[in-house]
Amino acid sequence: MTREEPPIDLESLPAVLPIFPLAGVLLLPHAQLPLNIFESRYLAMTRDALAGHRLIGMVQPVHPEDNDSPLPTIYDSGCAGRITSFEETNDGRILITLTGLCRFAIVEEQPVTESGYRVVQPDFGRYESDLQEPIEVEVDRKRLMRALDAFFSQQGYEADWSTVESASNESLITTLAMTCPFAPSEKQALLEARDTALRAEIVISLMEMTVLDKTHAGGGSIQ
């Protein structure tokens with residue numbers, strides 16, 4: 001089921017937000033993140049969100065190896081997403097799509113709910129600009145495409161280059177930040193980047209460093 005949602009402002013955002021800790025998973029404003037919900041506490045969280053404000057906060061554990069721990073230590077910021085589509089499966093799962101709404105800082109964590117999921121008091125204020133429509137930013141497109149070509153070749157990825165080349169800078173950087181296999185700490189740096197221009201610089205640098213590291217490890221040379 002898909003649902004159109006009205007625009008939202010800072011004052012209408014909730015004072016308490018359920019969170020879903022998941023290592024290596026990044027949600028950014030205006031982007032979509034599909035999730036397969038199957039654990040009982042997160043099924044309860046999803047149903048509660050659907051019955052209320054439809055918002056879930058995506059956060060990362062500080063230590064990726066704690067991803068499956070009941071209460072992993074988490075970073076102090078994340079991104080709230082609104083459930084814009086959902087589907088219940090015959091085997092009891094819920095497939096949802098979160099559309100990134102606004103990043104938040106965690107003021108404090110509230111007691112764990114009776115259903116076992118975690119909730120926090122979020123501060124959306126410092127990220128209020130996330131609620132505005134994205135605008136095109138200046139990016140060194142030639143450097144980005146060189147880094148992307150080398151990174152994809154090294155990783156063994158195939159790209160639809162016509163789609164890549166026609167994408168806006170904002171859309172392309174957001175997609176790369178969310179989908180490239182960067183380390184969780186690097187994903188967190190991308191989340192916390194103040195704007196898309198800085199996020200672009202981080203994405204490009206991460207791809208360039210990955211290519212350099214693996215080239216040196218393999219004894220190759222860079223042209």
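Me: How do the residues lining the largest pocket divide into nonpolar, polar and charged?
Reply: Five are nonpolar, five polar and seven charged. Nonpolar means Ala, Val, Leu, Ile, Met, Phe, Trp, Tyr, Cys and Pro, charged means Asp, Glu, Lys and Arg, and the others, Gly among them, are polar. This is a predicted model, where local features need pLDDT of at least 70 and side-chain atom pairs 80 or more, while totals for chains, interfaces and linings use all residues. Residues are numbered from 1 along each chain as its sequence is written, and side-chain values use heavy atoms, without hydrogens or water.

Me: Which residues lie nearest the centre of the largest pocket?
Reply: S129, D130, P134, D195 and T196, out of 17 lining residues. Two elements, α4 (169–179) and α6 (196–217), each give two or more residues to that lining. (A pocket is an open set of 1 Å grid points over the protein atoms alone where a 1.4 Å probe fits, with protein on both sides within 12 Å along at least five of seven lines; lining residues have an atom within 4 Å of a point.)

Me: New topic. What is the phi of H30?
Reply: H30 has a positive phi of about 75°, although H30 is not a glycine. Most residues other than glycine have a negative phi.

Me: Where is H30 found?
Reply: H30 is in the loop between β1 (17–21) and β2 (32–37). Helices (H or I, at least four residues) and strands (E, at least two) are DSSP runs, numbered from the N terminus.

Me: And what about the phi of R54?
Reply: R54 is not a glycine either, and its phi is positive, near 65°. R54 sits in the loop between α1 (40–51) and β3 (55–59).

Me: Is R54 buried or exposed?
Reply: R54 is buried, with a relative accessible area of 6%. H30, at 34%, counts as partly exposed. Buried means under 20%, exposed over 50%, and partly exposed in between (1.4 Å probe, protein chains only).

Me: How many residues of β3 are buried?
Reply: Five of its five. L55, G57 and V59 point one way from β3, and I56 and M58 point the other way. In a regular strand the side chains alternate between the two faces of the sheet.

Me: In which sense do β3 and β4 pair?
Reply: Antiparallel, over four bridges, with β4 covering residues 77–88. I56 has G81 in β4 as its bridge partner. β1 and β3 pair in the parallel sense over three bridges, and there I19 has G57 in β3 as its bridge partner. Strands pair if DSSP finds at least two bridges between them.
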